[in-house]
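Subject: Structure for you to look at

Hello,

Here is the structure I said I would pass on. Please open it first and then read the notes below.

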Amino acid sequence: MKLIITIALLLAAISLLSVRVILKKNGRFSSQHISQSKIMRERGIHCAVSQDREAKKQGEQKMDVKEL
């Protein structure tokens, strides 16, 4: 009985999460990646990997070996 209830709850959850995808023509889940979010891009926030890469490039440009 517990197995049947668990399966029913899982099916209900999956169907409720995918209502928009199923009912909309060519529907798909929106991307959850930070760099693809319009609001995050407007605020200048990128993914951690991209921000780390940019910070490393800026650090390399500012460092002068002669000053060491």
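Let us start with one residue. Ile 22 is exposed, because its relative accessible area is 61% and exposed means over 50%. Please keep in mind that this is a predicted model. Ile 22 sits in helix α2. Together with Leu 16, Val 19 and Leu 23, Ile 22 makes up a nonpolar patch on the surface. The accessible area of these residues together is about 450 Å². Helix α2 is the largest contributor to the patch, giving three residues.

Now the overall layout. The protein has four helices and zero strands, and the order of its elements from the N terminus is α-α-α-α. Of its 68 residues, 4% are buried. The accessible surface of the protein is about 6,900 Å², and carbon and sulfur atoms account for 61% of that.

From the first C-alpha to the last, α1 reaches 22 Å, which is close to the 22 Å expected at 1.5 Å a residue.

What lies in the loop between α1 (2-17) and α2 (19-23)? Ser 18 is found there. Ser 18 counts as buried because its relative accessibility is 11%, and the cut-off for buried is under 20%. The side chain of Ser 18 also comes to 2.8 Å from the backbone oxygen of Ile 14.

Next, the charged residues. How many salt bridges are there by the rule used? The count is one. Asp 52 pairs with Lys 56 in this salt bridge, and their closest N and O atoms are 3.6 Å apart. Side chains of opposite charge can pair when their charged atoms come close. Both residues, Asp 52 and Lys 56, belong to helix α4 (residues 48-62) and are four residues apart, about one turn of the helix. An α-helix has 3.6 residues a turn, so residues three or four places apart point the same way.

Are the two partners buried or exposed? Asp 52 has 40% relative accessibility, so Asp 52 counts as partly exposed. Lys 56 has 51% relative accessibility, so Lys 56 counts as exposed.

To find these places on the model, look for Ile 22 in helix α2, Ser 18 in the loop between α1 and α2, and the pair Asp 52 and Lys 56 in helix α4.

Regards

Definitions and conventions:
Residues are numbered from 1 along each chain as its sequence is written. This is a predicted model: local features need pLDDT of at least 70, side-chain atom pairs count only at pLDDT 80 or more; totals for chains, interfaces and linings use all residues. Side-chain values use heavy atoms; hydrogens and water are left out. Helices (H or I, at least four residues) and strands (E, at least two) are DSSP runs, numbered from the N terminus. Buried means under 20% relative accessible area, exposed over 50%, partly exposed in between (1.4 Å probe, protein chains only). A polar contact is a pair of N or O atoms within 3.5 Å; within protein, one must be able to donate a hydrogen and the other to accept it, and residues adjacent in sequence count only if both atoms are side-chain atoms. A salt bridge is a side-chain nitrogen of Lys or Arg within 4 Å of a carboxyl oxygen of Asp or Glu. Accessible areas come from the Shrake-Rupley method with a 1.4 Å probe; for residues, only the protein chains shown count as cover. Patches are made of residues with over 30% relative accessible area and no salt bridge: like charges are joined within 9 Å, nonpolar side chains (Val, Leu, Ile, Met, Phe, Trp, Tyr) within 5 Å. The expected span of a helix is 1.5 Å times one less than its number of residues.
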